[in-house]
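Please work through each task before reading its solution.

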Amino acid sequence: MHARAVATSTTALLGTVALLLPLSPAYAAEGGPRTVIVAHRGASAYAPENTLAAVDKAAALGVEWVENDVQRTKDGELVILHDDSLQRTTDVEELFPDRAPWKVKDFTAAEIARLDAGSWFDPAYAGARVPTLEQFLHRMERYDQKLLLELKNPQLYPGIEQETLKTLSNEGWLDRRHVKGRLIVQSFSADSVRTVHELKPAVKTGFLGTPPVADLPSYAAFTDQINPSHASLSAPYVAAVHGFRGPHGKRMEVFTWTVNDGDTARRVAGFGVDGIITNTPDVVRDAVGG
């Protein structure tokens with residue numbers, strides 16, 4: 001599907017930005033669009049990242065959206081973990097001292113299931129496990145939460161897009177209700193995002209990064225969101241993204257990451273972002289009214 005630019009040209013669009021008032025955090029309180037707050041790897045400031053405990057904590061805080069990362073084990077199981085190595089967030093060095101560099105792709109699902117993924121964060125979470133994608137989806141379904149799922153390091157896992165979509169389908173996450181309002185699949189890999197769109201056009205997608213404005217028309221053909229680091233954002237850039245319609249015919253969105261304090265949250269909300277990804281969802285929600 002071809003991108004449909006709302007503005008007649010990128011230059012004209014950027015030229016009008018100075019005339020636009022930025023979206024104020026107070027706008028949400030006045031009945032305007034609310035900024036979506038997304039718990040990064042679960043509520044990861046308060047519980048070990050990517051664990052079911054972090055999902056539980058996000059739910060306890062009343063946060064609807066949760067972001068997490070999916071990778072693949074040696075024997076083909078999809079698991080929730082950010083790093084391509086198990087070293088930082090588990091006790092893999094103790095259990096498997098001779099298996100350096102402890103890459104996810106070099107361990108079976110059964111081996112990973114033995115690891116303690118909570119003690120590194122706090123002794124209170126000793127025994128927390130690395131969840132499978134299925135376990136993670138089941139826990140989110142318990143709370144009726146919404147999922148921003150990142151395909152992490154897809155270059156390491158050929159075919160992970162199709163496998164992830166299959167698991168989502170098997171667990172009921174590709175029905176109309178989930179696809180319409182409870183699921184976004186994102187990646188730093190444009191090829192991976194494009195593949196997801198081609199395999200399942202109904203699924204909402206996001207590209208992690210800050211592509212040049214001149215390249216936005218090509219991204220609008222396969223992604224619904226441009227999701228940059230907050231450090232790279234400006235009001236003109238957000239307005240430029242908003243000037244295009246994505247593959248589902250709706251205005252492209254901007255979810256920014258990783259914002260953990262009120263001042264930064266208010267700053268990016270003032271740029272007009274649609275969502276904020278954060279380790280401290282309660283802090284950001286209090287700051288912007290999301």
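Helices (H or I, at least four residues) and strands (E, at least two) are taken as DSSP runs, numbered from the N terminus. The model is predicted.

**Exercise 1.** Describe the protein chain as a whole, from secondary structure to surface.

*Solution.* Begin with the elements: the chain contains 13 helices and eleven strands. Next, consider burial: of the 290 residues, 52% are buried. Then turn to contacts with a separation of 6 or more, where residues 24 or more positions apart supply 61%. Finally, the accessible surface amounts to about 12500 Å², and carbon and sulfur atoms hold 52% of this area.

**Exercise 2.** Determine whether Thr264 is buried or exposed, and locate its contacts.

*Solution.* Thr264 belongs to helix α12, which spans residues 262-271. Its relative accessible area is 13%. The cut-off for a buried residue is under 20%, so Thr264 is classed as buried. Leaving aside residues up to four places away in sequence, Thr264 touches His230 and Val259.

**Exercise 3.** Characterise the largest nonpolar core and the surroundings of Leu133.

*Solution.* The largest nonpolar core comprises 40 residues. Leu86, Leu133, Phe136, Leu147, Leu168, Leu183 and Val203 have the most contacts inside it. Elements that give two or more residues to this core include α3 (52-60), β3 (65-72) and α7 (160-170). The most, four residues, come from α6. Beyond residues up to four places away in sequence, the contacts of Leu133 include Val70, Ile80, Leu149 and Thr167. Another core, of 27 residues, lies apart from the largest one, and Ile37, Tyr237, Phe244 and Ala269 are among its members.

Note on methods:
Residues numbered from 1 in each chain as written. Predicted model: local features only at pLDDT ≥ 70, side-chain atom pairs only at ≥ 80, totals over all residues. Heavy atoms only, no water. Buried < 20%, exposed > 50% of the residue type's maximum accessible area, 1.4 Å probe, protein only. Contact = heavy atoms within 4.5 Å. Areas by Shrake-Rupley, 256 points an atom, 1.4 Å probe, with all protein chains shown as cover. Core = buried A, V, L, I, M, F, W, Y, C linked by side-chain atoms within 4.5 Å.
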